[in-house]
Amino acid sequence: MDVKYVNPFIESFAIVMPQLGFASTQKTGIAVKGREIVNTGVVIVLGIVGEIKGNIVYAIDYDSAKKIASIMMMGMPVTELDEMAQSALSELTNMLTANAATAFSNIGIIIDISTPTLLYGDNISIKMSSEKVLSVKLQADDIPLEVNISFENNH
Amino acid sequence: MGKVKIVIVDDSSFSIAFIRNILEENGFEVIGEAGTLDEVKEVVADKKPTLVTMDMTLPGTDGLECTRAIHKIDKNIKVIVISSMMDEEIVREAKDNNVSAYIQKPVDTDELVTAINRITATEELYDYLQDEYFAAFKEGLLDGVNRMTKTLLTYKEEYPFNKEHASAGITVIIGIIGKFSGRMLVDMSKETANKLAGALLRREPKDINEMIAALAEFANIISGNACSILNKKSKALGLRVAPPSILHGDEVHISAPDFSTMTAKADTDYGEILLNAGFKRGEEKWM
């Protein structure tokens with residue numbers, strides 16, 4: 001899978017997070033993984049169809065998930081991952097992926113995204129449809145978040 | 001669907017009379033009018049229109065504040081801005097406030113009627129999908145089990161899914177995209193997954209990877225068939241499925257999405273299978 005498919009996600013992160021009250025964003029790492037992703041915490045899955053077919057999986061640990069939800073809710077303290085916090089995180093991934101889709105359309109690749117599905121738990125193992133998954137580590141105000149990009153083979 | 005019921009918001013009695021004429025001459029029903037924020041709240045809560053035409057400049061308020069007030073009452077009410085002002089900035093703000101269309105005064109009859117028809121057609125299509133989709137997914141699962149394992153399945157309960165719930169063991173998620181986007185989710189215990197995969201493969205799965213691959217293809221076929229049934233009934237839906245993602249872990253909980261979905265539980269020869277699917281009311285595509 002071409003690394004150029006990663007840039008729309010980094011761009012979208014840099015555009016969306018400041019709008020939600022985060023002061024700084026940065027990319028801290030990128031890695032190629034096999035088709036299995038493991039995370040303890042929150043996992044949000046979105047489907048992609050169009051000129052590219054695949055899935056985007058956002059992986060966030062519990063603490064970071066609560067911190068992100070709190071900032072999105074204007075600093076309201078979030079002590080547990082309640083319905084409101086889950087809804088904020090789902091909406092976040094929806095915005096991030098939709099903005100990435102716009103960035104893809106700017107380089108001539110038209111894609112559409114599905115609604116996000118949020119799950120949480122321990123040692124969640126996610127099996128993706130592509131052989132390789134590109135995993136991008138990002139940070140907003142030092143809170144880490146991982147975007148896993150799985151596009152099917154022809155790309 | 002009956003007549004489209006419309007409320008006109010404008011502070012000029014001339015504009016109200018003008019817009020009312022256009023609407024009534026074209027078969028729409030004008031059920032109320034308002035000129036201030038308080039009047040807007042009152043008439044919308046009282047008359048429950050399908051659609052509101054909205055002026056931008058109003059005494060003591062503006063069209064966007066009124067639009068937000070309307071969507072607080074009912075987010076499904078469609079708002080068309082009709083204003084003499086129109087520039088990129090304000091159109092973008094209107095979009096951000098979930099306005100469905102923006103029309104400049106003086107009003108062109110064709111432009112207004114086309115906008116209303118476009119918006120209500122989307123609504124009708126969504127209502128149609130809401131009525132039909134779950135039967136199609138249930139048929140997809142039933143047919144899939146029947147054809148791929150030669151066994152039968154019985155649905156025992158069916159309910160709207162609006163609270164998070166614990167996964168029984170293995171969850172398969174398939175994103176769906178088209179005129180409206182949504183998802184299908186299948187959940188079952190690891191034991192059921194293993195037995196089902198055995199039936200699909202006609203032998204014991206070699207390892208968890210083979211089991212997962214069988215389930216992925218199974219879910220893919222079910223969602224694909226369900227979407228084909230729906231697309232055949234209405235081409236405008238254009239539903240397509242994304243590849244499946246398969247999840248399992250410890251104490252996994254599945255969150256309720258912020259749109260309505262349906263869940264059914266089915267008894268099979270291999271154990272219980274939970275089927276969940278739903279579609280979100282789409283954001284308006286702007287012209």
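Which residues does Ser167(B) touch, not counting residues up to four places away in sequence? This tour of a predicted model opens with that residue. Chains are lettered from A and ligands numbered from 1 in the order in which they are written, and residues are numbered from 1 along each chain as its sequence is written. Because the model is predicted, local features need pLDDT of at least 70, side-chain atom pairs count only at pLDDT 80 or more, and totals for chains, interfaces and linings use all residues; side-chain values use heavy atoms, with hydrogens and water left out.

**First stop: Ser167(B)**

Select Ser167(B) in the loop between β9 (165-166) and β10 (170-177) of chain B; helices (H or I, at least four residues) and strands (E, at least two) are DSSP runs, numbered from the N terminus. Apart from residues up to four places away in sequence, Ser167(B) touches Asp187(B), Val252(B), His253(B) and Ile254(B), where contact means heavy atoms within 4.5 Å. Ser167(B) counts as buried because its relative accessibility is 15%; buried means under 20% relative accessible area, exposed over 50%, and partly exposed in between (1.4 Å probe, protein chains only).

Now display Asp187(B), whose side chain makes a polar contact of 2.8 Å with the side chain of Ser167(B). Such a contact is a pair of N or O atoms within 3.5 Å; within protein, one must be able to donate a hydrogen and the other to accept it, and residues adjacent in sequence count only if both atoms are side-chain atoms. A polar atom of the Ser167(B) side chain also lies 3.1 Å from the backbone nitrogen of Gly169(B).

**Second stop: Thr36(B)**

Move to Thr36(B), in the loop between β2 (29-34) and α2 (37-47) of chain B. Thr36(B) counts as partly exposed because its relative accessibility is 27%. A polar atom of its side chain lies 3.2 Å from the backbone nitrogen of Glu39(B).

Select Lys138(B) and Tyr155(B). Lys138(B) lies over the face of Tyr155(B), at 5.2 Å from the ring centre. A charge sits over a ring if NZ of Lys or CZ of Arg is within 6 Å of the ring centre and within 35 degrees of the ring normal.
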